[in-house]
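Here is a short report on a single protein chain. It starts with charged pairs and then turns to the fold, the sheet and the cores.

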Amino acid sequence: MSLTARATAEQALPWRLDCIVLDIMLPGIDGITLCRELRDKHHKHTPIIMLTARDAVADRVQGLEAGADDYLVKPFDLAELSMRVDALL
C-alpha cells in the first residue's frame with residue numbers, strides 16, 4: 001500500500017505495518033509531520049525509515065528527532081535499503 005497526501009496517517013492507523021518507508025517531500029503533508037503523527041498514534045514501535053533527497057545534517061537530525069529509526073538519502077541502492085529494513089525488522 002502506498003501512503004500519500006494528507007489522509008496518509010489516517011490510512012495507516014488501522015493497518016499492522018512491519019516497516020514504514022517515508023519521504024519528507026509528500027503532497028499535502030511533509031514527511032516530518034507525518035512521522036510525528038504516526039509515532040503519536042498506533043505506530044509507536046513500527047520502524048520508520050526516512051528515504052529522501054534532503055541530505056543536510058540538519059535534515060537528518062530533524063527526521064531522527066521526529067521519530068524515524070533510520071535516514072537514507074537519495075539516490076540510494078536498493079540492496080542498502082533492503083539491508084536497512086532487515087536490520088530494523
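## Salt bridges

Asp70 and Arg84 join their side chains in a salt bridge, at 2.8 Å from N to O. A salt bridge here is a side-chain nitrogen of Lys or Arg within 4 Å of a carboxyl oxygen of Asp or Glu. The pair ties together distant parts of the chain: Asp70 sits in strand E3, Arg84 in helix H4 (residues 78-88), 14 residues apart. Asp70 is buried at 18% relative accessible area, while Arg84 is partly exposed at 23%. Shared partners join Asp70, Glu80 and Arg84 into one salt-bridge network. Buried means under 20% relative accessible area, exposed over 50%, and partly exposed in between (1.4 Å probe, protein chains only).

The model is predicted: local features need pLDDT of at least 70, side-chain atom pairs count only at pLDDT 80 or more, and totals for chains, interfaces and linings use all residues. Residues are numbered from 1 along each chain as its sequence is written, and side-chain values use heavy atoms, with hydrogens and water left out.

## Other charged pairs

By this rule there are five salt bridges. One of them joins the side chains of Arg39 and Asp69 at 2.6 Å, N to O. This pair also links distant parts of the chain: Arg39 lies in helix H2 (residues 31-40), and Asp69 in the loop between helix H3 (57-65) and strand E3 (70-73), 30 residues apart. Arg39 is buried at 14% relative accessibility. Asp69 is partly exposed at 40%.

Arg16 and Asp18 form another salt bridge, at 2.5 Å from N to O. Arg16 is exposed, with a relative accessible area of 70%. Asp18 is partly exposed at 48%.

## Fold

The protein has four helices and three strands. Both are DSSP runs numbered from the N terminus: helices are H or I with at least four residues, strands E with at least two. Along the sequence the pattern reads α-β-α-β-α-β-α. Of the 89 residues, 38% are buried. Of the contacts (heavy atoms within 4.5 Å) with a separation of 6 or more, 48% come from residues 24 or more positions apart.

## Sheet and helices

The three strands form an open sheet in the order E1-E2-E3, with parallel pairing. Strands pair if DSSP finds at least two bridges between them. E1 and E3 are at the edges with a single partner strand each, so one side of each has no neighbour in the sheet. Neighbouring strands are turned by 25° against each other on average, direction ignored.

E1 and E2 pair over three bridges. Val21 stands opposite Ile49 in E2. H2 lies across E1 and E2 and runs at about 175° to E2. H3 packs on the sheet, touches E2 and E3, and makes about 145° with the direction of E3. Axes are lines fitted to C-alpha atoms, for helices over the stretch in contact; angles run from 0 to 180 degrees between N-to-C directions.

## Nonpolar cores

A nonpolar core is a set of buried Ala, Val, Leu, Ile, Met, Phe, Trp, Tyr and Cys residues joined through side-chain atoms within 4.5 Å. The largest has 14 residues, and Leu22, Leu34, Cys35, Ile48 and Met50 have the most contacts inside it. Strand E1 (20-22), H2 and strand E2 (48-52) each supply at least two of its residues. H2 gives the most, with four.

Beyond residues up to four places away in sequence, Ile48 touches Ile20, Leu22, Cys35, Leu38, Arg39, Ala68, Asp69 and Asp70. A second, separate core of five residues includes Ile49, Leu51, Leu72 and Val85.
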